[in-house]
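Please look over the sequence and the structure below before reading on.

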Amino acid sequence: MLKCYDCMEKGKDSEAVSVCIVCGKGLCMDHARRMDLPIWSGNYPTPAPAKRLKKELPRILCNYCIGQTMVDAFD
Ligand SMILES: [Zn+2]
Ligand SMILES: [Zn+2]
């Protein structure tokens, strides 16, 4: 089973509910971040509504990657 990577770094052991679409690490509910920036819409095809689990969750990023993306977007 996939574990939340951010929790693991803090010595916790949480089941991942999602994965970061950028780096692919597992994320629990607390650490998964929805990415809803305008730059990602436009031509970007919208995935099916978030009922299905695993790989098809839309635009979930970890804290680290969302930080990096923000920097790229607004620099
Ligand atoms: Zn976590
Ligand atoms: Zn990430």
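Leaving aside its neighbours within four places in sequence, which residues is asparagine 63 in contact with? In this predicted model, the contacts of asparagine 63 beyond those neighbours are Asp6, His31 and Arg33. The points below set that residue within the chain as a whole.

**Overall layout**

- The protein chain contains two helices and four strands, and along the sequence these elements follow the pattern α-β-β-β-β-α.
- Of the 75 residues in the protein chain, 20% are buried.
- When contacts between residues at least 6 apart in sequence are considered, 50% of them join residues that are at least 24 apart.

**The nonpolar core**

- The largest nonpolar core has eleven residues in all, and among them are Cys4, Tyr5, Ala16, Val19 and Cys20, together with Leu27, Cys28, Ala32, Ile60, Leu61 and Cys62.
- Cysteine 4, itself a member of this core, touches Ser14, Ala16, Gly26, Leu27, Cys28 and His31 once residues up to four places away in sequence are set aside.

**Helix α2**

- Helix α2 covers residues 63–74 and includes threonine 69, while asparagine 63 is also found in helix α2.
- Asparagine 63 counts as partly exposed because it has 13 C-beta neighbours inside 10 Å, a number that falls between the limit of 12 or fewer for an exposed residue and that of 20 or more for a buried one.
- The C-alpha atom of asparagine 63 is separated by 6.9 Å from that of histidine 31, although the two residues are 32 residues apart along the chain.
- Threonine 69 likewise counts as partly exposed, because 17 C-beta neighbours lie inside 10 Å.

**Confidence in the model**

- The average pLDDT of the protein chain is 76, and 61% of the residues score at least 70.
- Over residues 38–43 the pLDDT stays under 50, and the model has three contacts for this stretch beyond four places in sequence.
- Residues 50–57 also have a pLDDT below 50, and in the model this stretch has five contacts beyond near neighbours in sequence.
- Where pLDDT is low, the predicted coordinates should not be read in detail.

Technical notes: Residues are numbered from 1 along each chain as its sequence is written. Chains are lettered from A and ligands numbered from 1 in the order in which they are written. This is a predicted model: local features need pLDDT of at least 70, side-chain atom pairs count only at pLDDT 80 or more; totals for chains, interfaces and linings use all residues. A nonpolar core is a set of buried Ala, Val, Leu, Ile, Met, Phe, Trp, Tyr and Cys residues joined through C-beta atoms within 7 Å. Two residues are in contact if their C-beta atoms, placed from the backbone, lie within 7 Å. pLDDT is the predictor's confidence in each residue, from 0 to 100.
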